[in-house]
Amino acid sequence: MSNELVQFLSVVAPEAIVGTGICVVLLAGLFAGDRARDATYLLSMVTLVAAAWVTGSAAPNGSLTGGAFVVDSLSVVLKMFAYAAVAAVLVYARAYLVGRRMDRSEFHLLVLFALLGIMVMVSAGSFLVMYLGLETLSLALYAMVAVERDAPMGAEAAIKYFVLGAIASGCLLYGISLIYGATGALNFTDVAAALQTTTGARPLAAAVGIGFLVVGIAFKFGAVPFHTWLPDVYQGAPACTTLFVATVPKIAAFSLALRMLGDGLDVLASDWRFLLGAVAIVSVVVGNLIAIAQTSIRRMLAYSTVGHVGFILLGFASGGAEGINAALFYTLVYIVMTMAAFGLVILLSPAGQEADAFDDLRGLNQRSPWFAFLMLLVMVSMIGVPPLAGFWAKWWVLSALLDAGQLSLAIVAVLFSVVGAFYYLRVIWLMYFEPPAMTGARMAPELDLRLLLSVNALLVLGLGVFPGNLLRLCARALGAVSG
Amino acid sequence: MALHLAIVLAPLAAAIIAGLFGRWIGRSGAHCVTIAAVGASFLMSVIVLLGQLEPGALPQNETVYTWLVTDGVRMEIGFLVDRLTALMMCVVTFVSLMVHVYTIGYMHEDPGYQRFFSYISLFTFAMLMLVMANNFLQLFFGWEAVGLVSYLLIGFWYTRPTAIFANMKAFLVNRVGDFGFLLGIALLLASSGSLDYATVFAKAPQIAQQTMEIAPGTTWSVMTLACILLFVGAMGKSAQMPLHVWLPDSMEGPTPISALIHAATMVTAGVFMVARMSPLFEYSETALSVVLVVGATTALLTGFIGVVQHDIKRVVAYSTLSQLGYMTAALGASAYAAGIFHLMTHAFFKALLFLAAGSVIVALHHEQDIRRMGGLRKHLPVTYWTSLVGSLALIGFPGFAGFFSKDALIEAVELAGRAGASYASFCLIAGVFVTALYSFRMFFLVFHGKERLDEDARHHLHESPLVITVPLVLLAIPSLVIGWPTIGATLFAGYFDAAIFVMPGNDVLARLGSDFHGAGGFLLHGLTGLPVLLSVAGVAAAWYLYLYRPAVPEAIATRVAVLHRLLVNKYYFDDFNEKVLARGARLTGGALWRFGDVAVIDGALVNGSARLVAWAAAIVRLSQSGYLYHYAFAMIIGLALLVYWTLGGV
């Protein structure tokens, strides 16, 4: 092989492995027939492990085509986290898929496609590569929502998601074109350099472009007013899809925001910080308010996501490395917490039905005290009570805001996270103080599911008691980017 | 360090085993494991003490674990082991060991057997943490932990309303003291920037220079204020007036607890703490005067109450109060070593007296009223003789342990030239007579005279089992002899030089020591002193009043009815607390609850804001219509706003 090819492969090796894994899973799904149920699951897992191994062993510095595609410590950390999260999703989803006879290769395939998109976004060094990754991810997500072909709710949600996603995508692309027009560059470093040299008047085209970019970012995160797809998708999609949609793509969203705005458009930071701050604070307010009026767990969690996303964006809006660090920490903690919450929703969904109404949580403590306790941990963490991980996540965002002198934003954020405590506490109330609605037998889920949920929820506690390691990891990942 | 850690952790481990796994290891398992642990702690403490006694042994100050560092303040777990600590460790573990053994006999019918052993082991752990601390945080931890165990043990028989009342009372009164203690620690932290003893002590001269304004126009020395606040804590824990009210009620707990916690160890924590803080107290003449006056007042006034009590344990409890007053007064006279010396001897003979009282109580099937005892000498010979030793030690009969410590203490206070010293010295000397009176009143009423027992009790009367009498004998020995070998070393030979700091001008013990020529000489000198005469007179008065002419006390009581009522009602401290403080607090609380909580907070703020939020949620929810074009429209509006802002350049 030529030297160039070796160098190329060494940089994109993880993506290449996932791509190969996709082909293998596709073929296995086609030819293995009914035996595919385990084959595609195991092959997906093998793909993840191989990708993780390659990602971990490669040096965290490298780039392709003049910096359009980069491997740095941030991309390594985010990819590793994505592998772990996807693996968890696959374990959570397994029993659910078997119970609904959906355990053909489609779901696994789509998850891997989405992962590939996420990986490309995480490593993107230019607007175009970022957009490429985003589309790969989005198309996989649309299909994943509709993976249960006969379910009308799923189809409706997928259509809504697709149409709104297309609008957001269009906005993003238009924003990219404006920035290209203003700077003549697509690579983030080139854009930053070009903006640096244009002294004097603010380049208006780039500034307007930022407005369009923020639409794309806010849509991917699910921030108000670009959040409208969230509740319908969370409710309409199969629980395993919701689990995925709610968690792993947020890694990509973080990279989208950080690399486009933080790396590429740092010169115009005061512009995008203001826009993100506005979107963020409206999200915190609206998300927490509407969540109160919900009677469905999934819709409640959807609006709770909106509220959390508001906090993540507040981290960006506060400016400075500290705020970005807090945002990354919050993103990772959010994924762990949400994963556990939807894991429980999956657990509560008996074969052929979907757990959705609050009634399913009623008296959970009597039916299975351990799971009720785990859910209690997750809910309390989402409120932001020490010593759980959610507390530190909120704490660092707020302290970054205060350091940046954004006192009013911090006060509103705190007030509405107090409002948010209401609906999390209602879940706890239902689990512990209400009699069970149905006299169902004790739940006896599979061992792997039980173990994973326990580890997942206890991780929320563990990260809360020892937040230092994760925080240091975040700081290290980000240190390389800004440096 | 490993040795120190093992001393502390052994009782904790035993407490956890007996507490959490009591059902599996059974009764004998529970007492075996706790006794083994405390016994091991005791032996290791003796090793530590011997190590400290070697010539040239230095105090060991070590950090075990840094918990957290915030704003430059280090919060650590650490041990400061010097001679003061080593002595306290030995006393604590020895008495605790005796009480553990004794408990086997005393509690053998109780259903809470394992729980009891778990608590007393836990107490031993907490007390060791307290005395071995090298920083204020750990001191406070130990302080609160012994308070907690005390609370749990006073209410050990939690089905008795009186026990619940007593433990609540102990807890609340101690809160008052602990509040002052915490403020004192906070003030020291604020003025020195550290929680570490060594650092704070090193900065004591600078702190003494600082002043602060509490109310506008009044200037206070920071050191005086900090020391008085710390002493408020000591007043709570060591039951000094007016925070003494909880100690007599704490007798609702099982008797071994009264011996261990409410006589020998926990209540002396305040005395120990002030001695430990001598490098601070020495810089404040005012604070030392406060300590002196409070201690002397407590010593005399609580002794009087002891004369009119009928419950055997309460008599001993008031005697404890009075003796704690003596120790405190010694501290106030800068004779810290004398205070600690009395603390040690007192720990032995007071534990002995309590356990003897417990032996009587067990023998009489939980009868505690001394009016229904009498003539028990021939039925309970071991208890009788050990009680006699304890009582003689308590009143300071020449040659007994209490004589050396109390006589030295009284002479030291006489020599102190500080404000209030002559008043204190009067109180303490008068107290000697009162001590002898109430001690031998109880002794005569219980063991001599006519038998006033119930038929039923008389029928079952027999000497207590060995697990009860052996600890009595083992405690009687030091009560008898511990004064001889230790007085010279502890008081005059500079035993505590490395642990206790005394200003050269304040060193009364040194002045006393110039006349000291061995324990025998001290004894001869004491024989001719006023205190010994007074204690003999006290015994004689008790004999005359309660054995020879039992009608006289009644006659006196009716003749000076006002005084008698004052004593029976314990100077009305309890009534004042209940009627004025407690009721006042409840009325204030009730008013705040009705107007503040129910009307303003619940009504307007909580329910009002909840209604507001619900209303807002219902409105905003309408935006989620489910129609795709509404959603798209919302996005477009959002985009328009964003672009407008970028154009406007906000």
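**Figure 1. Where chain A meets chain B, the count of salt bridges is 0.** This is a predicted model, and the overall scores that come with it are ipTM 0.87 and pTM 0.66. Across the interface of chain A and chain B, 1 residue pair is found in polar contact, with both residues at pLDDT 80 or more. On the side of chain A that touches chain B, the elements giving two or more residues are α6 (152-183), α8 (204-221), α9 (229-236), α12 (269-292) and α13 (297-318). Sorted by class, that side of chain A holds 26 nonpolar, 4 polar and 4 charged residues.

**Figure 2. The contact between the two chains draws on 34 residues from chain A and 23 residues from chain B.** Together, chain A and chain B bury an area of about 2,500 Å², and carbon and sulfur atoms give 79% of it. Which residues of chain A lose the most area to chain B? They are Thr228(A), Phe274(A) and Leu289(A), which together make up 19% of what that side buries.

Figure 3. You will find Pro225(A) in the loop between α8 and α9 of chain A. With a relative accessible area of 23%, Pro225(A) is partly exposed. Within its own chain, Pro225(A) is 58 residues away from Ser283(A) in sequence, while their C-alpha atoms are 7.7 Å apart in space.

**Figure 4. Chain A contains 20 helices and 2 strands, and this view visits Ile251(A) in helix α11.** Of the 483 residues in chain A, 63% are buried. Is Ile251(A) buried or exposed? Its relative accessibility is 0%, so Ile251(A) counts as buried. Leaving aside residues up to four places away in sequence, Ile251(A) touches Leu78(A), Phe81(A), Ala82(A), Val122(A) and Ile335(A). Another residue to look for is Ile118(A), which is 133 residues from Ile251(A) in sequence but 7.4 Å from it in space, C-alpha to C-alpha. For chain A as a whole, residues 24 or more positions apart account for 82% of the contacts with a separation of 6 or more.

**Figure 5. Arg259(A) and Asp72(A) form a salt bridge, with their closest N and O atoms 3.1 Å apart.** Arg259(A) belongs to helix α11 (residues 249-264) and Asp72(A) to the loop between β2 (69-71) and α3 (73-99), so this pair ties together parts of chain A that are 187 residues apart in sequence. Both Arg259(A) and Asp72(A) are buried. As a reminder, side chains of opposite charge can pair when their charged atoms come close. A search of the whole structure, over all chains, finds 17 salt bridges.

**Figure 6. In chain A, a network of salt bridges links Glu156(A), Lys160(A), Asp232(A) and Arg299(A).** These four names are the ones to pick out in this view of chain A.

**Figure 7. Turning to chain B, Arg160(B) pairs with Glu252(B) in a salt bridge whose closest N and O atoms are 3.8 Å apart.** Arg160(B) sits in the loop between α5 (136-154) and α6 (161-192), and Glu252(B) in the loop between α10 (246-249) and α11 (255-264), so the pair ties together parts of chain B that are 92 residues apart in sequence. Arg160(B), at 35% relative accessibility, counts as partly exposed, whereas Glu252(B) is buried, with a relative accessible area of 19%.

**Figure 8. A salt bridge also joins the side chains of Arg418(B) and Glu285(B), at 2.8 Å from N to O.** This pair links distant parts of chain B, 133 residues apart: Arg418(B) is in the loop between α18 (401-415) and α19 (421-447), and Glu285(B) is in helix α14 (residues 285-307). Arg418(B) counts as buried at 7% relative accessibility, and Glu285(B) as partly exposed at 39%.

**Figure 9. How confident is the prediction for chain B, where the average pLDDT is 84?** In chain B, 100% of the residues score at least 70.

Methods:
Residues numbered from 1 in each chain as written. Chains lettered and ligands numbered in written order. Heavy atoms only, no water. Helix = DSSP H or I, 4+ residues; strand = E, 2+ residues; numbered from the N terminus. Buried < 20%, exposed > 50% of the residue type's maximum accessible area, 1.4 Å probe, protein only. Contact = heavy atoms within 4.5 Å. pLDDT = per-residue confidence, 0-100. Buried area = accessible area lost by both parts, 1.4 Å probe. Polar contact = N/O pair within 3.5 Å; in protein donor to acceptor, adjacent residues only side chain to side chain. Nonpolar A, V, L, I, M, F, W, Y, C, P; charged D, E, K, R; others polar.
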